[in-house]
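Walk through this structure with the model open beside you.

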Amino acid sequence: MKNISTVLAVGILAAWQAVSAADITGIITLKGAPPAEKEITPMMDNPDCAAMYNGKMPTTHFYVVGPNGEFADVVVSLKGVTGKSTGAGAPAAVLDQKGCLYSPQILAVQTGQKIVVKNSDSCVHNVHCTPTVAGNAEHNDVQMPGGADLTYTFPQPEMFLRFKCDVHSWMFAWVSVFDSPYFSVSDKDGKFVIKNVPPGKYTVEANHRKLGAQTQDVEVADKDVTVNFTFDVK
Amino acid sequence: MNTKAQNTNDPWLHLFAVLTAIITFLLLGVGGLVTSHDAGMSVPDWPTSYGYNMFALPIKFWKGGAFFEHSHRLLASGAGLLTTVLAVWLWLKDSRRWMKWLGMLAFLLVVAQGVLGGLRVTMHMDSLGIFHGVLAQFFFVLTCAIALFTSRFWLEFAADKNKFSVPRGLRSHILFVTILIFLQLVLGATMRHQHAGLAIPDFPSAYGKIWPDISPAAVAHYNAQRMDVNGENPITAFQIILQMVHRAVALAILAGVAAAAWLSRKRLGGKNPLTKLAWSWLALIVVQIAFGAWTVWSNKAADVATAHVLIGALSLVLGAFWCILAFRRPVTSSEIAPSSATSGSFGATPAMAANK
């Protein structure tokens, strides 16, 4: 009877939280002209990869910016919120190797959440993740064309954990790992949404791999909150 | 003169030792390309390659970074085999006991070097890559030294004991500069295994200054502006300092080798083989500095950076040769080289005669 009461109490609390939770939304903007992206010229020396582009090489995409400064690939999270990971039960995040590039290049997951790495190319890749935080293990696995997907999980939070392919030295992805579900990555319109944030006071952190982090304090009640960030590149 | 040793001179053994040194030099080059292309981890397994026997990896996999890494493994196997044969040959045929053990040392080093390279891959340890790179330089010096010791030149050089001696100060000076070059190679290996690309993108200035701003704000700005295709790790103040020290040591080495050449000419005479070696050494250092600058100007192009590594290795060998040859000669405590002036390859020079 006592157990049933406890379960009921937790259920009611969770339901109340879900009802009262709100989203944190916003737009990230970049001011100033970022450095010009570079053509990935080493790809020309690799016939497998070059064949996919018909002589027109892709460029790096460190600064993905829209016509009005809409800034993509910024990782937004609630700073200091830990121990809330639901990663074990969350759907797997997918990292694909396509056209000898990682897609997406910036990804965010929870601790314990599966990251499935695919090889959609007709050439061999090695998947080499190089964490720097203790507790997150380094892996380096070969993945043949048409080979089975590879799955990784990381138990510790870490910003911009690097995935790379050493066969193709220009192939990188950076995966940020959070100990909670409260994060988002800005899209091509610079928009982000952190869903179902329980009421409370938070510090929202927006982090770009090249330009570093910015923070803003917010208070979440029962309505959605908007927080915008502007990055400057000098 | 060691008549017994001279009798053991075997031109085939010497040729084999030279071949081993040449293959080692090529191996250094391919190893340099592996690091320059950041390809050290492109074949994740060892001693197999992609699960295949290393010697049976299908050619279709020899692409991109795997081409360099796999070629490095194959060439390393060849160098290992040559070194093993050389060690056995020396053990069986060379009458000099110390040469037998030198061959054994080479064998042990090549085995250690192979295991170190393998563990660097399987244990995911970049720091082992630094040791692997430094040990490679030392091993190259050793194979070159064995080639020297098995040569007819070495025996003749030893036989000419009475013709000139080397001032202790000059010998110590060149030993010091050679050690400095070795330390510079350690610095270079450490820089290369940071996998951070160029910490300073300009030369001779550093971010437009004599000494760059390394405040956190400045480093953040440098990282924001870097657009490396290979997307290396962000640079740090430590890496900037490391490159500045590398530049400063390069200047010290240039000054040290220039002084060595000048002092050799003054103390030993212009025609002395050690003086000629010192001038060659100086020329090589000048070329090496030019390649260092070119490495920066080319944004660390793989072939240029690798050439810089190779010329560095040759610079170390020349310094080591000078020391080895100098230690083979009688030493004088004064700066003046006493000599029984005679003609011949290693004869006293007018400068020496004047100093008598």
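Is the crossing of helix 5 of chain B and helix 7 of chain B right-handed or left-handed? In this predicted model, helix 5 and helix 7 of chain B make a right-handed crossing. Two packed helices are described by the angle between their axes and the distance between the axes. Here the angle is about 145°, and the axes of helix 5 and helix 7 of chain B lie 9 Å apart.

Now look at the residues in this contact. Helix 5 of chain B supplies B:Ile130, B:Gly133, B:Val134 and B:Gln137. Helix 7 of chain B brings B:Leu185, B:Val186, B:Ala189, B:Thr190 and B:Arg192. Sorted by class, the contact has five nonpolar, three polar and one charged residues.

Next, follow helix 7 on its own. Helix 7 of chain B covers residues 168-192. At 1.5 Å a residue, its 25 residues should span 36 Å, and the end C-alpha atoms are 36 Å apart, so the two agree. Its buried residues include B:Leu170, B:Ile174, B:Val177, B:Thr178 and B:Ile181. B:Gln184, B:Leu185, B:Gly188, B:Ala189 and B:Arg192 are also among the buried residues of helix 7. An α-helix has 3.6 residues a turn, so residues three or four places apart point the same way.

What do these buried residues pack against? Their partners in chain B are helix 2 (11-36), helix 5 (126-149), strand 1 (166-167), helix 9 (237-268) and helix 11 (302-328).

Finally, zoom out. Chain B holds 12 helices and two strands. Of its 356 residues, 39% count as buried. Among contacts in chain B with a separation of 6 or more, 76% join residues 24 or more positions apart.

Definitions and conventions. Residues are numbered from 1 along each chain as its sequence is written. Chains are lettered from A and ligands numbered from 1 in the order in which they are written. This is a predicted model: local features need pLDDT of at least 70, side-chain atom pairs count only at pLDDT 80 or more; totals for chains, interfaces and linings use all residues. Helices (H or I, at least four residues) and strands (E, at least two) are DSSP runs, numbered from the N terminus. A residue is buried if 20 or more other C-beta atoms lie within 10 Å of its own, exposed if 12 or fewer, and partly exposed in between; C-beta atoms are placed from the backbone. Two residues are in contact if their C-beta atoms, placed from the backbone, lie within 7 Å. The expected span of a helix is 1.5 Å times one less than its number of residues. Axes are lines fitted to C-alpha atoms, for helices over the stretch in contact, and angles run from 0 to 180 degrees between N-to-C directions. A crossing is left-handed if the near helix is turned anticlockwise from the far one by less than a right angle, and right-handed if clockwise. Ala, Val, Leu, Ile, Met, Phe, Trp, Tyr, Cys and Pro count as nonpolar, Asp, Glu, Lys and Arg as charged, and the others, Gly among them, as polar.
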